Amino acid sequence: PVPAISWRKVNGHNPSKARLRKSQAVLEIPNVQLEDAGMYECKAENSRGRNVFRGQLQVYTYPHWVEKLNDTQLDSGDQLRWECKATGKPRPTYHWLKNGVPLWPQSRIEMVNGVLMIHSVNLSDAGMYQCLAENKYGTIYASAELKILASAPTFPLNQMRKTIIITKGQEVVIECKPQASPKPTITWKKGDKALRESKR
């Protein structure tokens, strides 16, 4: 006799959007998603017995960004850490470009699983960077600019008063705030003599 046919997803539930056609002989899953992947079982049964067939559904996806790059400004000597994150099946691999040219690991440059690190950046590191995430179904790009700030110390006008008058016995605060990149070292002198810290 004509068998009765039933479908089930092994180790899971049938997708709610799944449809059965042709007396349940055909299982249709519209708009397949990653979570629909798995082992499916078709069972045919009549009064003479039953038989079962199992088939594996594998779902592959184009890479898709989870985390992109942002333009960054750093002081000379700082550390850069950029991370690219993409989903996809098979899992995407990552490559980096600087000004359109492939970037390779060097003494200061590390690239691991979508993370780019440049230790102690300098002016030569400035430029446009691209991260590529790719699997066998496609490649996606993310871009960002790295700017390196480097300037000798300068004192903006009127930042420090020429004369400070204070009553004996009170506390005085004199601030030294130069503009510089990277952060400068600061020393103090009274006349020609270097000042040293004391209880006061």
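Some ground rules. This is a predicted model, so local features need pLDDT of at least 70, side-chain atom pairs count only at pLDDT 80 or more, and totals for chains, interfaces and linings use all residues. Residues are numbered from 1 along each chain as its sequence is written, and side-chain values use heavy atoms, with hydrogens and water left out.

Now the whole chain. How many helices and strands does the chain have? There are 0 helices and 19 strands. The C-alpha trace spans about 110 × 45 × 25 Å along its principal axes.

On to the record. An unreviewed UniProt entry lists "domain: Ig-like" for residues 1–53, 63–147 and 153–200. Those positions are in the numbering used here, feature names are shortened, and annotations may be inferred rather than shown by experiment. Residues 1–53 are 0% helix and 49% strand, with the end C-alpha atoms 19 Å apart.

Buried residues make up 24% of the 200 in the chain. Buried means under 20% relative accessible area, exposed means over 50%, and partly exposed is in between, with a 1.4 Å probe and protein chains only. Among contacts with a separation of 6 or more, 54% come from residues 24 or more positions apart. A contact means heavy atoms within 4.5 Å.

Charge, briefly. The chain has 30 positive and 18 negative side chains. Lys and Arg count as positive, Asp and Glu as negative; His and the chain ends are not counted. The centres of the two sets lie 3 Å apart. Each charge is placed at NZ of Lys, CZ of Arg, CG of Asp or CD of Glu.

Let's zoom in on the loop between β12 (109–112) and β13 (115–118), where Gly114 is found. Is Gly114 buried or exposed? Gly114 is buried, at 3% relative accessible area. Leaving aside residues up to four places away in sequence, Gly114 touches Trp82, Glu83, Cys84, Tyr94 and Trp96. Take Tyr94: it is 20 residues from Gly114 along the chain, and their C-alpha atoms are separated by 5.4 Å.

Asn113 is in that loop between β12 and β13 too. Asn113 is exposed, with a relative accessible area of 66%. Its phi is positive, about 50 degrees, although Asn113 is not a glycine.

Asn99 also has a positive phi, near 50 degrees. Asn99 sits in the loop between β10 and β11 (101–102). At 49% relative accessibility, Asn99 counts as partly exposed.

Where is Pro90? Look in the loop between β9 (85–89) and β10 (93–98). A cis peptide bond joins Lys89 to Pro90, with omega about 0 degrees.

Last stop, Ala25. Ala25 lies in the loop between β2 (19–21) and β3 (26–28). Ala25 is partly exposed, at 37% relative accessible area. Beyond residues up to four places away in sequence, Ala25 touches Ile5 and Trp7. From Ala25 to Arg200 is 175 residues in sequence and 91 Å in space, C-alpha to C-alpha.

Note on methods: Helices (H or I, at least four residues) and strands (E, at least two) are DSSP runs, numbered from the N terminus.
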